[in-house]
Amino acid sequence: MASRASWLPRALAQSPRGKPDICYPSRRLAVFVHGCFWHRCPYCRPSFPKTNAAFWQQKFTRNTARDAKYKHMYREAGSQRLVVWECQLKHGLDSTVTLVRELHRGVPESWQVAA
Ligand SMILES: [Zn+2]
C-alpha cells in the first residue's frame, strides 16, 4: 500500500480517518463506505438520538465537517472520491456495484469482496 501515499494528500495519507475503505491508487479513485447514522445519510435520514442531544449534535457536526474537508481535499488533489452509503449496500448491493462500474469503468471485480 506504499503507493497509496503517492497520490493521496499528505494529511490524508497520515490520518487514519481519512483513509478510504477501498482504494485504487492507479485510478486515483477512493471509495468511502459511510455509516448512515454516523455520517447523517441524506437518503434514509436516520433518526436523531432522543437523549444527550447536545453531545450527538456536536458529534454529527464534527463528522459531517470532516467529510466535507476530505471531499474538498480529494477534489483539490484531482482524485475521485465516491461515497457509498450503508443503506445502499443493504438494499441493493448489486445495483450499487453496477453503478460504480458504470461511473468508474475499470473498477476491478475484487471491489465486491472488499466492500
Ligand atoms: Zn442511508
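**Sheet first.** I find an open sheet of three strands in the order S1-S2-S3, with mixed pairing. I call two strands paired if DSSP finds at least two bridges between them. The edge strands are S1 (22–24) and S3 (80–85), and each pairs on one side only. Ignoring direction, neighbouring strands here are turned by 15° against each other on average; the axes are lines fitted to C-alpha atoms, for helices over the stretch in contact, with angles from 0 to 180 degrees between N-to-C directions.

**Ground rules.** I am working on a predicted model, where local features need pLDDT of at least 70 and side-chain atom pairs count only at pLDDT 80 or more, while totals for chains, interfaces and linings use all residues. Residue numbers start from 1 along each chain as its sequence is written.

**Layout.** I list six helices and three strands. Both kinds of element are DSSP runs numbered from the N terminus, helices being H or I with at least four residues and strands E with at least two. From the N terminus the order reads α-α-β-β-α-α-β-α-α.

**S1 to S2.** I see S1 and S2 running antiparallel, joined by three bridges. Tyrosine 24 stands opposite leucine 29 in S2, and cysteine 23 has alanine 30 in S2 as its bridge partner. The hairpin of these strands has four residues between them, and there arginine 28 takes a positive phi near 55°.

**S2 to S3.** On this side I get parallel pairing over six bridges. Valine 33 stands opposite valine 84 in S3.

**Valine 31.** Next I clicked on valine 31, which is in strand S2 (residues 29–34). Is valine 31 buried or exposed? It is buried, because 20 other C-beta atoms lie within 10 Å. My cut-offs, with C-beta atoms placed from the backbone: buried is 20 or more other C-beta atoms within 10 Å of the residue's own, exposed is 12 or fewer, and partly exposed is in between. Leaving aside neighbours within four places in sequence, valine 31 is in contact with Pro20, Asp21, Ile22, Leu82 and Val84. I take contact to be C-beta atoms, placed from the backbone, within 7 Å. Proline 20 is 11 residues from valine 31 in sequence, and their C-alpha atoms are 5.8 Å apart.

**Core.** I looked up the largest nonpolar core and got six residues: Leu29, Ala30, Val31, Phe32, Tyr70 and Tyr74. Such a core is a set of buried Ala, Val, Leu, Ile, Met, Phe, Trp, Tyr and Cys residues joined through C-beta atoms within 7 Å. S2 and helix H4 (53–76) each supply at least two of its residues. The largest share, four residues, comes from S2.

**H4.** H4 is hardly covered, with two of its 24 residues buried. Just after H4, glycine 78 takes a positive phi of about 75°.

**Whole chain.** Of the 115 residues, I note 8% as buried. Among contacts with a separation of 6 or more, 58% are between residues 24 or more positions apart.

Key. Two residues are in contact if their C-beta atoms, placed from the backbone, lie within 7 Å.
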